[in-house]
Amino acid sequence: MKQLETTGLLDERQKFICLSGDKAGLKCESDSVAGAISQRACVYCGARVVLNPITDAYHIIHGPIGCASYTWDLRGSLTSGVETYRNAFSTDLQEKDVIFGGGKKLTGAIDEIVLKFHPKLIFVYATCIVGVIGDDVESICKAAEKKYGIIVIPVKSPGFSGNKSTGYRLACDALLELMSCARPAEKSIGINILGDFNLSGEMWIISEYLKKIGVNIVSRITGDSTCDEIMKAPTAALNIVQCAGSMGYLANRMEEIYGIPFIKVSFFGIEDTTNSLLRIAYALHDGKAVEKAKNFTDKKSKETASLLEPYKRLLHDRKAAIYVGGGYKAISLIRQFRELGIRSVMVGTQTGKKDEYEVIRELADPGTVVLDDANPAELEKFMRQTGADILVGGVKERPLAYKLAVAFCDHNHERKQPLAGYDGAVNFAKEINMTINSPVWKLLKEEAAV
Ligand code: SF4
């Protein structure tokens with residue numbers, strides 16, 4: 001059997017990397033190795049990406065201005081309502097505040113926002129330096145709630161206090177706190193969509209499909225949602241979880257607290273979109289929805305498959321490297337590439353779970369490099385080694401692909417094309433074809449060889 005080539009890897013990192021066929025598997029769900037320059041974002045960023053798409057929420061980043069600018073308007077989440085969420089407010093902590101405390105500045109920031117904008121909901125994020133100096137963010141938020149009669153939720157997320165998954169958990173706790181502010185209401189027969197952030201309008205595509213099969217949406221968490229919409233979530237009959245990495249915890253907690261069952265879904269690629277719509281209809285025990293879902297998915301998958309045919313000819317036998325946030329998306333991408341005749345030769349995630357990596361190792365072709373919480377040096381090494389023609393990742397991976405003269409597809413926050421659902425499957429094929437078959441890569445490789 002093929003062996004993993006480990007030259008140049010840090011010793012502590014070797015357990016986080018394996019080949020798809022390796023029996024031992026790989027280490028995951030742990031903090032990054034110190035000094036390894038992980039591609040992962042910090043705890044605060046993890047929390048912010050989950051909460052940011054709530055369109056009418058205000059976000060105060062209690063910390064130096066850098067923390068706010070790093071995550072300002074960080075998602076390509078679209079809104080059908082207000083655009084409040086696209087602003088970032090910072091207490092802009094300076095040396096003096098670090099010495100004497102930043103509490104007064106935070107109180108002042110809340111007062112100013114209340115005075116100018118009359119918010120319903122404010123999230124206050126404690127960043128690294130606040131974790132060090134120990135401002136009592138919780139008491140300040142409580143005092144503001146009492147003074148103004150609004151919801152002010154502290155998110156205690158110093159960047160160093162764990163990894164990005166810790167931030168996801170903190171965001172989910174903040175959402176639960178928001179839900180707990182609602183008055184108990186009657187149960188409905190609709191669903192909540194967890195973990196879709198309406199990137200390039202993907203939530204709207206999925207909502208349209210659900211409408212076609214007769215399924216009602218109670219709350220969208222968090223893409224294109226509002227404070228009031230999230231507070232209605234406890235009344236739903238079912239949670240569907242699209243981004244399990246960030247929302248699996250919330251789904252579990254909502255099942256414990258509100259008795260709402262959940263299923264994991266994915267709307268990337270024909271196969272996963274079809275399966276997800278059918279599973280939602282079955283999970284609701286709604287005969288009419290099942291019938292409608294069968295007809296709808298049958299028609300759409302046939303139509304989409306025929307639209308993909310010309311791209312399959314152009315993409316046959318190319319090789320893809322995948323490095324995305326969560327394991328569930330990586331699994332969908334392996335399948336989606338397969339639908340196009342492309343082999344995945346390297347698959348990695350920032351926050352994949354053990355069970356997701358097991359599926360990846362089984363699903364991927366033998367000899368695929370599987371890695372958790374990688375750094376740029378490792379991505380470069382294995383992309384070169386496997387001869388990947390394209391890298392699918394996010395904003396931090398883009399420059400690496402370009403430096404290696406490898407095609408790139410953004411499947412993260414900043415994507416400009418919706419890639420979910422049947423419509424997204426066609427956009428994906430178009431984008432992969434356009435970038436992989438661009439003449440620029442050949443020219444760059446020739447130039448590098450001179
Ligand atoms: S919270 Fe800490 S790690 Fe995160 S952006 Fe701010 S300083 Fe950097």
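Predicted model: local features only at pLDDT ≥ 70, side-chain atom pairs only at ≥ 80, totals over all residues.
Trainee: Which domains does the protein chain have?
Mentor: The assignment, whose bounds come from an automatic or database domain assignment, gives domain 1 as 11–30 + 316–415, domain 2 as 43–180 and domain 3 as 191–298.

Trainee: Switching topic, which residues surround the ligand?
Mentor: Around the ligand are Cys 42, Tyr 44, Cys 45, Gly 63, Cys 67, Tyr 70, Thr 127, Cys 128 and Gly 159; a residue is near a molecule or strand if its C-beta atom, placed from the backbone, lies within 6 Å of it.

Trainee: Which helices supply residues of that shell, and what is its make-up by class?
Mentor: Helix H1 (43–51) and helix H2 (65–71) each supply at least two residues of the shell, and by class the shell has six nonpolar, three polar and no charged residues. Helices (H or I, at least four residues) and strands (E, at least two) are DSSP runs, numbered from the N terminus.

Trainee: OK, sheets now: in what order do the six strands of the open sheet come?
Mentor: The order is E1-E12-E11-E10-E13-E14, with mixed pairing, and two strands pair if DSSP finds at least two bridges between them. Strand E1 (17–19) and strand E14 (407–410) stand at the edges with a single partner strand each, so one side of each has no neighbour in the sheet. From one strand to the next, the twist averages 15°.

Trainee: How do E1 and E12 pair, parallel or antiparallel?
Mentor: E1 and strand E12 (residues 369–372) pair in the antiparallel sense over three bridges, and Leu 19 stands opposite Val 369 in E12.

Trainee: And what about the four strands of the other open sheet?
Mentor: Those four strands run in the order E3-E2-E4-E5 with parallel pairing, and the edge strands, strand E3 (89–90) and strand E5 (151–156), each pair on one side only. Strand E4 (residues 121–126) and E5 pair over six bridges in the parallel sense, with Pro 154 in E5 as the bridge partner of Val 124. Helix H4 (residues 103–117) packs on this sheet, touching strand E2 (58–62), E3, E4 and E5, and its direction makes about 160° with that of E2. Helix H7 (residues 164–180) lies across E4 and E5, running at about 160° to E5.

Trainee: At what angle do H8 and H17 pack?
Mentor: Helix H8 (residues 202–212) and helix H17 (residues 421–436) pack at about 135°, with their axes 8 Å apart. Axes are lines fitted to C-alpha atoms, for helices over the stretch in contact, and angles run from 0 to 180 degrees between N-to-C directions. H8 and H17 are therefore oblique to each other, given that angles under 35 degrees count as roughly parallel, over 145 as roughly antiparallel, 65 to 115 as roughly perpendicular and the rest as oblique. The contact involves Glu 202, Ile 205, Ile 206 and Tyr 209 of H8 together with Gly 421, Asp 423 and Gly 424 of H17.

Trainee: Last one: which peptide bond is cis?
Mentor: The bond from Ile 221 to Thr 222 is cis, with omega near 5°, and Thr 222 lies in strand E7 (residues 217–222).

Key. Residues numbered from 1 in each chain as written. Nonpolar A, V, L, I, M, F, W, Y, C, P; charged D, E, K, R; others polar. Contact = placed C-beta atoms within 7 Å.
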